[in-house]
Amino acid sequence: MRARYPDHEGYVERDGVKVFYEVFGEGEPALLLMPTWPIIHSRMWKGQVPYFARYSRVITFDPRGNGRSDRPKNPLAYADDEYVADALGVMKAAGTERAFVVGLCPGVRWSVQLAAKYPESVLGLVAIAPGVPGLTPPHAHRQQFSFNDVLDTDEGWAKHNRHYMLRDYQGYAEWHSNWMMIEPHSTKPYDDLIEWALQTNAQTLLLTVEAPGLSTKDEAERVCRQIRCPVLIIHGDRDLCQPHSRAERLAELTGGKLVTLKGAGHGPMARHPVAVNLLMKDFINSVLPPEPRHVTWHHALTRPKRAIFVSSSIGLGHIQRDLAIARELRALVPGLEIDWWAQHPVTEVLKAAGETIHPQNHLQALESAHWEEEASQHELHAFYAFRRMDEIFVANFMLFHDITRETPYDIWIGDESWEVDYFLHENPELKTAPYVFLTDVIGFLPVDPEGDPREVTLCADYNAEMIEQRARYPRLRDLSLYIGEYDELPDVPFGPGLPNIRDWARDWFTPVGYVLPFDPLEYQDPAKLRARLGYGTGYPLLFAAVGGTGVGRNLLERVVDGFALLRETMPDARMVMVTGPRIEPNDLPEVPGLEKRAYVHNLFEHLACADAAIVQSGLSTTMELVATRRPFAYVPLRKHWEQQNYVTYRLRHYGARNRLEYADLTPRRVAETLQGLVGSRVGYREVPRDSARRAALQIAGLLSGTRPGTQSSAVTRQPVDATVRTR
Amino acid sequence: MRPRYPDQEGYIERGGVRTAYEIYGNGTPTVLFLPAWAIGHSRFWKGQIPYFARHYRVITFDPRGNGKSGRPLDPAAYADTEYVADALAVMDETQTNRAVMVGFSMGGWLAAILAAHYPDRVLGAVVTGSISPLGQMLPERTVNRFDEPLEIEEGWAKHNRYYWRKDYRGFLEFFYSKMFTEPHSTKQIEDGVSWGLETTPEVLIATHDSRGFSEYLKEHLEEALPFYRSIHCPVLVIHGDQDAIVSYTRGIAIAEATGAPLVTIVGGGHHNFGRDPVKTNLLLREFIDRICPQS
């Protein structure tokens with residue numbers, strides 16, 4: 001799903017050609033994000049839209065030839081003048097008279113004409129990889145082969161050829177996307193480019209090549225010289241489409257400012273979204289400074305100690321351990337104020353705990369909605385779903401950047417704060433506070449190594465990128481805490497040619513043990529607990545649970561059938577089924593002895609008196625069962641890398657081995673498993689009870705300047721008399 | 001030694017009183033750092049000059065009564081309107097058509113007069129810890145009379161012409177410790193005392209006895225608000241909420257009257273540019289770049 005959906009959308013029709021546009025947000029100054037060559041469409045701006053729409057109105061439109069715009073059959077319909085007229089038409093339809101205009105490649109060619117001919121409509125121009133032919137000669141590699149002739153090769157730039165495009169458009173799209181994203185670890189933007197390219201075809205693109213437009217040097221220079229508005233030019237020095245000299249020439253002709261991105265290719269807004277967003281924002285602010293506001297700045301010594309705690313919202317498990325760590329941290333650092341940065345439904349837990357949630361928290365793009373949309377059957381492909389969060393991550397990082405600029409926190413703590421961690425490594429200059437990263441999972445492992453070689457390659461690439469990021473910026477994280485011990489990690493390589501996960505973790509993480517949100521010693525007597533919770537005794541009490549998303553519905557349905565079967569041999573058995581907030585209990589079948597509940601407060605207390613449980617392999621629930629020494633079976637989501645690999649490794653380490661595969665999970669299997677579990681003895685390893693404190697001690701060291709485990713030596717002497725004697 | 005020496009220095013002379021100015025850098029716009037009370041001089045701005053000289057053109061001048069400027073003993077020479085005239089004369093002498101005015105304490109008041117009465121010379125005004133007829137006087141400053149011999153010599157009782165003559169250094173130490181209420185301000189306080197010692201109690205008494213526009217407005221308070229409202233250039237108000245010389249309420253009132261943004265320095269004292277130079281430099285830089293965008 002997208003990080004931000006339009007508030008308004010529509011079509012502009014001119015001469016029978018419909019052009020689709022979208023409008024996001026409100027307020028001045030408006031931002032018009034121009035389309036580019038129709039091999040891609042308006043989603044190219046997905047890294048920009050959510051950020052700028054928070055400040056003012058953003059308008060995008062699909063180019064004629066791709067997206068939801070028409071694909072006319074006449075080359076004249078693709079003339080520069082038509083794109084310029086489309087831009088004006090879209091602005092008019094959106095009720096916008098003036099806008100900052102941002103273009104990429106031919107989007108710049110259209111934008112300079114727009115700015116030159118309609119100066120009253122353009123407040124400023126951002127030209128990314130300006131594709132204004134005529135300004136300077138093209139790259140030498142682009143002049144090697146004829147576009148129109150039949151060639152005897154289709155290697156390299158020979159692919160940029162009419163006949164090759166018609167013969168193998170998919171190959172052309174792959175080749176084109178490949179050099180656009182020349183930077184390493186660009187697989188996701190590359191996939192996006194392919195997806196968009198396949199929404200049009202070679203015939204349409206060939207029409208655009210024949211269309212009339214700005215081409216001669218004289219014409220190009222004349223148009224650029226006419227521009228009166230402020231201009232920002234952004235150009236990657238490894239851009240294989242447009243030579244850097246064109247950016248330099250455009251800067252000379254317009255008096256604009258040129259920013260060269262070293263190492264960047266032809267799509268910096270997609271590959272370096274944070275850097276490009278901040279450059280654009282600075283430019284807009286320099287042209288039209290925002291209204292100044294009253295601000296309060298705390299003289300440094302008068303500041304309370306403040307932390308921002310980012311708690312990942314994928315599942316509810318993390319927040320319990322984060323609250324446990326926060327409690328210990330407050331005990332170690334008196335006066336510490338914690339602002340929480342989290343999403344629904346985690347925020348509900350925080351509100352119930354009386355915690356302070358950052359006031360701008362609700363502006364985040366929702367991760368949990370994304371996961372629900374990704375989930376189907378019992379087959380959430382967690383890695384692919386994670387990977388498709390790229391645009392949510394950019395949007396939420398930009399927001400995190402804004403709020404940490406406003407409040408100088410003493411420390412940033414992130415529990416699986418993926419977006420913060422990734423983009424800080426991509427933009428290390430944006431780190432302005434000590435930063436702690438916590439995680440219970442290190443790296444991605446493929447769930448289908450035999451059947452899906454692409455997944456193997458992608459997981460390895462993501463792992464390699466993380467390993468390179470850590471090696472390049474080791475001090476970016478002041479602490480990397482692993483929630484567990486090293487031998488709870490998979491003892492396998494990160495991927496072909498990559499280090500062993502456990503070995504690497506020894507170099508780059510400090511283990512703090514698995515963090516429980518409660519003390520297991522208080523839950524040793526199931527009979528007493530059953531009495532307290534009103535379950536009574538004298539019958540087998542079973543539990544089934546699937547965590548907080550809607551993904552577990554199919555599992556629960558099978559468990560219901562299995563429980564009905566079990567009742568034939570164990571007629572007094574009762575089962576409590578916890579469906580979670582997103583599965584309606586009434587949608588599941590009614591069976592005697594089955595009690596369905598959407599939510600159970602402190603579920604671990606209930607699980608702690610179960611005679612047996614069957615659960616999805618969420619880490620928190622399974623580890624709570626281990627800690628309270630209950631017999632249970634777990635069913636990993638089939639394509640969930642963490643449940644398939646990491647949770648299983650960890651549970652095996654603790655001696656919990658009853659793993660069931662969803663594919664084999666017949667009602668009979670469920671019944672037999674539960675029957676076998678009831679009354680069985682467990683031989684689990686003990687879960688440590690001091691892990692939250694171990695984590696807090698590490699973090700407190702950063703706040704109080706002392707090593708973990710020692711008390712801070714606060715200044716206790718009286719302040720000197722304010723009057724200074726100078727005699 | 002200083003981190004940055006002036007590129008040019010000179011004097012203007014008005015009514016037989018010389019005023020010494022210094023120019024640093026040659027960028028645009030010109031930033032005129034105004035003098036405060038003659039208890040100190042242009043070295044108050046030592047934390048600003050090197051930074052702003054790299055980006056703009058900086059002018060400072062010593063107030064009549066201290067530094068390299070003259071020290072008349074006639075109270076009339078120290079009216080606020082005389083300082084305003086000195087500022088304009090320095091601008092004329094240095095071919096400065098317009099400037100960004102920056103002032104703290106009495107200098108904030110001078111900046112307001114310049115902005116209100118000479119709008120074509122002022123690009124914008126930044127005032128910190130500014131004196132003003134608006135807002136309240138600190139309660140502890142209302143207790144003792146300046147002109148009567150007092151029994152006590154503690155606290156603001158030192159703000160007294162007889163005490164000044166008796167123990168001038170003692171007054172300077174007291175006053176500067178009130179200027180910098182932030183802990184760990186010993187260097188700032190010592191600097192201030194040494195600058196105060198470059199003039200005499202008789203000069204300060206003359207400045208105290210002066211009558212200018214400020215005294216006029218105190219007697220015609222109903223004109224104070226219209227005066228501030230007549231300012232049309234961009235204004236930024238900075239005030240420490242622990243200012244022990246000029247009440248924070250004055251900063252709030254100036255911001256309200258001019259519609260300017262107020263930056264509150266929580267825990268900050270009277271001379272924010274002296275005690276929190278990095279933060280205030282960045283605020284001033286942002287202000288200047290906003291009103292005079294750099295290409």
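Reader: What pLDDT does chain A average?

Author: This is a predicted model, and pLDDT is the predictor's confidence in each residue, from 0 to 100. In chain A, 96% of the residues score at least 70. The chain A average is a pLDDT of 93.

Reader: Over which residues of chain A is the pLDDT below 50?

Author: The stretch concerned has four contacts in the model beyond near neighbours in sequence. Its pLDDT is below 50, and it covers residues 709–715 of chain A.

Reader: Which element gives the most to the side of chain B that touches chain A?

Author: In the contact between the chains, 23 residues of chain B meet 19 residues of chain A. Helix H5 (168–179), helix H6 (186–196), strand S8 (262–266) and helix H12 (277–291) of chain B each supply at least two residues of the side that touches chain A. By class, that side of chain B has ten nonpolar, six polar and seven charged residues. The element that gives the most, with five residues, is S8(B).

Reader: What is the bridge partner of A:His298 in S8(B)?

Author: Strand S9 (residues 295–298) of chain A pairs with S8(B). The two strands run in the parallel sense, with four bridges between them. Within S8(B), the partner of A:His298 is B:Val266.

Reader: How many of the residues in the contact of H5(A) with H6(A) are nonpolar, polar and charged?

Author: The axes of helix H5 (residues 169–180) and helix H6 (residues 187–197) of chain A come within 9 Å and cross at roughly 145°, and the crossing is right-handed. From H5(A), the residues A:Ala173, A:Glu174, A:His176, A:Ser177, A:Asn178 and A:Met180 take part, and they meet A:Tyr190, A:Leu193, A:Ile194 and A:Ala197 of H6(A). By class, the residues of this contact are six nonpolar, three polar and one charged.

Reader: Which are the edge strands of the open sheet of seven strands in chain A?

Author: The order of this sheet is S12-S11-S10-S13-S14-S15-S16 in chain A, and the pairing is parallel. An edge strand here pairs on one side only. The edge strands are strand S12 (356–357) and strand S16 (510–511) of chain A.

Reader: What is the bridge partner of A:Phe309 in S13(A)?

Author: Strand S10 (residues 306–311) and strand S13 (residues 411–415) of chain A are joined by five bridges in the parallel sense. In S13(A), the residue paired with A:Phe309 is A:Ile413.

Reader: What is the average twist from one strand to the next in the open sheet of five strands in chain A?

Author: The strand order is S19-S18-S17-S20-S21, with parallel pairing. Strand S19 (594–597) and strand S21 (632–635) of chain A are its edge strands. Strand S18 (residues 574–578) of chain A is joined to S19(A) by four bridges, and A:Val578 has A:Arg597 as its bridge partner. The twist from one strand to the next averages 15°.

Reader: Why is helix H23 of chain A largely enclosed by the rest of the structure?

Author: A residue is buried if 20 or more other C-beta atoms lie within 10 Å of its own. Among the buried residues of H23(A) are A:Leu619, A:Met623 and A:Glu624, and the cover includes helix H12 (317–332), strand S17 (541–545) and helix H24 (641–653) of chain A. Helix H23 (residues 619–627) of chain A is largely enclosed because its buried residues number nine of the nine.

Reader: Which residue in the turn between S1(B) and S2(B) has a positive phi?

Author: Strand S1 (residues 8–14) of chain B runs antiparallel to S2(B), joined by seven bridges, and B:Gln8 stands opposite B:Ile23. Strand S2 (residues 17–24) of chain B is mostly covered, with six of its eight residues buried. S1(B) and S2(B) form a hairpin with two residues between them, and the turn residue with a positive phi, of about 55°, is B:Gly15.

Methods
Residues are numbered from 1 along each chain as its sequence is written. Chains are lettered from A and ligands numbered from 1 in the order in which they are written. This is a predicted model: local features need pLDDT of at least 70, side-chain atom pairs count only at pLDDT 80 or more; totals for chains, interfaces and linings use all residues. Two residues are in contact if their C-beta atoms, placed from the backbone, lie within 7 Å. Ala, Val, Leu, Ile, Met, Phe, Trp, Tyr, Cys and Pro count as nonpolar, Asp, Glu, Lys and Arg as charged, and the others, Gly among them, as polar. Two strands pair if DSSP finds at least two bridges between them. Axes are lines fitted to C-alpha atoms, for helices over the stretch in contact, and angles run from 0 to 180 degrees between N-to-C directions. A crossing is left-handed if the near helix is turned anticlockwise from the far one by less than a right angle, and right-handed if clockwise. A residue is buried if 20 or more other C-beta atoms lie within 10 Å of its own, exposed if 12 or fewer, and partly exposed in between; C-beta atoms are placed from the backbone.
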